[in-house]
Amino acid sequence: MAYSEKLIDHYENPRNVGSLDKEAPDVGTGLVGAPACGDVMKLQIRVNGEGVIEDARFKTFGCGSAIASSSLVTEWVKGKTVDEALTIKNTDVATELNLPPVKVHCSVLAEDAIKAAVADWQKKRAAAAPAPQPAALEAEI
């Protein structure tokens with residue numbers, strides 16, 4: 001099985017490896033796995049007040065294609081809004097890394113990790129939002 005230079009580069013020189021504080025309100029954490037192959041991917045994003053992803057980190061237990069997919073998406077999501085990040089599809093990752101057909105599931109994990117990290121951030125954001133005040137109380141204030 002031949003791997004592309006870009007895939008090998010991301011595997012041998014992974015970008016943005018590490019963790020962010022999962023308890024921080026501006027950090028979303030996605031943890032996804034593929035039982036069939038044993039790959040597990042953790043992707044974390046730090047989102048600013050304008051909804052732009054300022055930082056991304058990953059830790060992946062798996063094959064070189066899973067590590068390369070993780071590394072690539074951390075680069076891609078930085079500087080994007082949350083909505084823009086959600087438009088990244090596994091086919092984009094697979095094409096960029098020229099993944100062999102038997103490794104396409106790694107790009108699916110990367111897409112799922114982005115969705116899971118965004119969902120976690122949105123959940124935290126909703127929980128931190130102040131409860132709406134009833135109209136009668138607002139009038140008195």
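Two strands count as paired if DSSP finds at least two bridges between them. Helices (H or I, at least four residues) and strands (E, at least two) are DSSP runs, numbered from the N terminus. With that in hand, let's look around.

This is a predicted model, where local features need pLDDT of at least 70 and side-chain atom pairs count only at pLDDT 80 or more, while totals for chains, interfaces and linings use all residues. Residues are numbered from 1 along each chain as its sequence is written, and side-chain values use heavy atoms, with hydrogens and water left out.

**The whole chain**

The secondary structure comes to 6 helices and 3 strands. Follow the sequence and you get the pattern α-β-β-β-α-α-α-α-α. Along the principal axes, the C-alpha atoms fill a box of roughly 70 × 30 × 25 Å. A contact here means heavy atoms within 4.5 Å. Take the contacts between residues at least 6 apart in sequence: 62% of them join residues at least 24 apart.

**The sheet**

The 3 strands make an open sheet in the order β1-β2-β3, with antiparallel pairing. β1 (27–34) and β3 (53–61) stand at the edges with a single partner strand each, so one side of each has no neighbour in the sheet. From one strand to the next, the twist averages 15 degrees. Axes are lines fitted to C-alpha atoms, for helices over the stretch in contact, and angles run from 0 to 180 degrees between N-to-C directions.

β2 (residues 39–47) pairs with β1 over 8 bridges in the antiparallel sense, and β2 and β3 also pair that way over 8 bridges. Here are some of the bridge partners:

| Residue | Bridge partner | Strand of the partner |
|---|---|---|
| Val27 | Arg46 | β2 |
| Leu31 | Lys42 | β2 |
| Gln44 | Arg57 | β3 |

Now for the turns. β1 and β2 form a hairpin with 4 residues between them, and Gly38 in that turn has a positive phi of about 90 degrees. The hairpin of β2 and β3 has 5 residues between the strands, and there Gly51 takes a positive phi near 85 degrees.

**Helices across the sheet**

Helix α2 (residues 64–77) lies across β2 and β3, running at about 175 degrees to β3. Helix α5 (residues 104–128) lies across β1 and β2, at about 145 degrees to β1.

α5 has 25 residues and reaches 37 Å from its first C-alpha to its last, close to the 36 Å expected at 1.5 Å a residue (the expected span is 1.5 Å times one less than the number of residues). Its buried residues include Leu109, Ala113, Ile114, Ala117 and Trp121. What covers the buried residues of α5 includes β1, β2, α2, α3 (82–85) and α4 (90–97). An α-helix has 3.6 residues a turn, so residues three or four places apart point the same way.

Leu43 sits in strand β2 and stands opposite Phe58 in β3. At 2% relative accessibility, Leu43 counts as buried. Leaving aside neighbours within four places in sequence, the contacts of Leu43 include Gly28, Thr29 and Gly30, along with Thr74, Ala113, Ile114 and Ala117. Leu43 and Ala94 are 51 residues apart in sequence and 18 Å apart in space, C-alpha to C-alpha.

Ser70 lies in helix α2 and is buried too, with a relative accessible area of 1%. A polar atom of the Ser70 side chain lies 2.8 Å from the backbone oxygen of Ala66. Beyond its neighbours within four places in sequence, Ser70 is in contact with Met41, Phe58 and Thr60.

**A pair of cysteines**

How many disulfides does the structure hold? It holds 0 disulfides, a disulfide being a pair of cysteine sulfur atoms within 2.5 Å. The sulfur of Cys63 is 3.6 Å from the closest cysteine sulfur, the one in Cys106, and that is too far for a bond. Cys106 is buried, with a relative accessible area of 0%.

Definitions and conventions
Buried < 20%, exposed > 50% of the residue type's maximum accessible area, 1.4 Å probe, protein only. Polar contact = N/O pair within 3.5 Å; in protein donor to acceptor, adjacent residues only side chain to side chain.
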